[in-house]
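Okay, thanks everyone, let me get going. I've got one model to walk you through today, and I'll keep it short.

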Amino acid sequence: MTDATPQPRKKILIVSAHPDPRSLNTSLTAFAAEHLRAAGHEVQVSDLYAMKWKATVDADDFPEHPADERLAVMAASERATLAGRLAPEIAAEQEKVLWSDAVILQFPMWWFSVPAIMKGWIDRVFTSGFGYGPALPPPYSEGALAGRRALVSATMGARPTAFSDRGIHGPLADVLHPLQHGLFWFAGMAPLEPFGLYDANELPEERFAAARRAYARRLDGLFTDEPVPFRPLVGGDYDHDMRLLPGVEAAGVRGLDLHVRPDVEVDPVPMS
């Protein structure tokens, strides 16, 4: 639940991905930045299209990688990260993540995932040695980027019922599991329930006004709402092969819900 008590000043990074500066996603990014600043927080925005962000990982990301040596991406990224020898644009985005107390990803859902340019931001910024890796604490725990919160704000053309438990697309939490669990929680960040704006292809002003109000409530709870209670890898629920131990789940739980702690009540996914 959102706490009405004034929050301490925090730092928020918003990463936005839409090719049109007149888009709904750009409007939501601008609204979030304005709302958070009005609440006394510091905000940085990485508008990936405006930045002309390179979406692909290649040897140029690791300027000191020998040209005649095979590019093993994980090993090369870890060496460059730990040595402070990453491409300047990657190092700059990592500094923003380290600066932040929370990261918001704002994007249109394309083919049940983020746009390629945002996937490229994830691939290039969350290097070994920064977001994960043997030099860092174990994944799926209060690990490499612990202490930070994370919020997905996504627009979708489909109706909300299509993303329900019996909807044809599957629950939104399942669709976003690679981000929520596989990115944020893997790197130690605490993901909040995602904010979804549905039927977004045609949004009359009155619905956009209602969406802004709903989004404002989520932004107000960025540091007070309970995060998704994913199980930690090192908490005793998994064996050495990273398989959930039998019998630790509640009766009838299946699928991705197995990796959410049953002793913590999760609020339903907020819908605009």
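**Fold overview, then a look at H1**

So, going along the sequence, the protein chain runs β-α-β-α-α-α-β-α-β-α-α-β-β-α. That's eight helices and six strands. Do keep in mind that this is a predicted model.

Now the overall shape. How does the radius of gyration sit with a compact globule? For 272 residues you'd expect a value near 19 Å, and the protein chain has 19 Å, so the two agree. Along the principal axes, the C-alpha trace spans about 60 × 50 × 40 Å.

What about the inside? Of the 272 residues, 45% count as buried. And if you take contacts with a separation of 6 or more, 77% of them come from residues 24 or more positions apart.

Okay, let's zoom in on helix H1, residues 24-38. Its 15 residues reach 21 Å from first C-alpha to last, close to the 21 Å expected at 1.5 Å a residue. Which residues of H1 are buried? Those would be Asn25, Thr26, Leu28, Thr29, Phe31, Ala32, Ala33 and Leu36. And what covers them? The cover includes strands E1 (11-16), E2 (42-47), E3 (102-108), E4 (149-155) and E6 (195-197), along with helix H8 (205-220). Following H1 you get glycine 40, with a positive phi near 100°.

That's my bit, over to you.

Terms used: Residues are numbered from 1 along each chain as its sequence is written. This is a predicted model: local features need pLDDT of at least 70, side-chain atom pairs count only at pLDDT 80 or more; totals for chains, interfaces and linings use all residues. Side-chain values use heavy atoms; hydrogens and water are left out. Helices (H or I, at least four residues) and strands (E, at least two) are DSSP runs, numbered from the N terminus. The radius of gyration is taken over C-alpha atoms; the globule rule is 2.2 Å times the number of residues to the power 0.38. Buried means under 20% relative accessible area, exposed over 50%, partly exposed in between (1.4 Å probe, protein chains only). Contact means heavy atoms within 4.5 Å. The expected span of a helix is 1.5 Å times one less than its number of residues.
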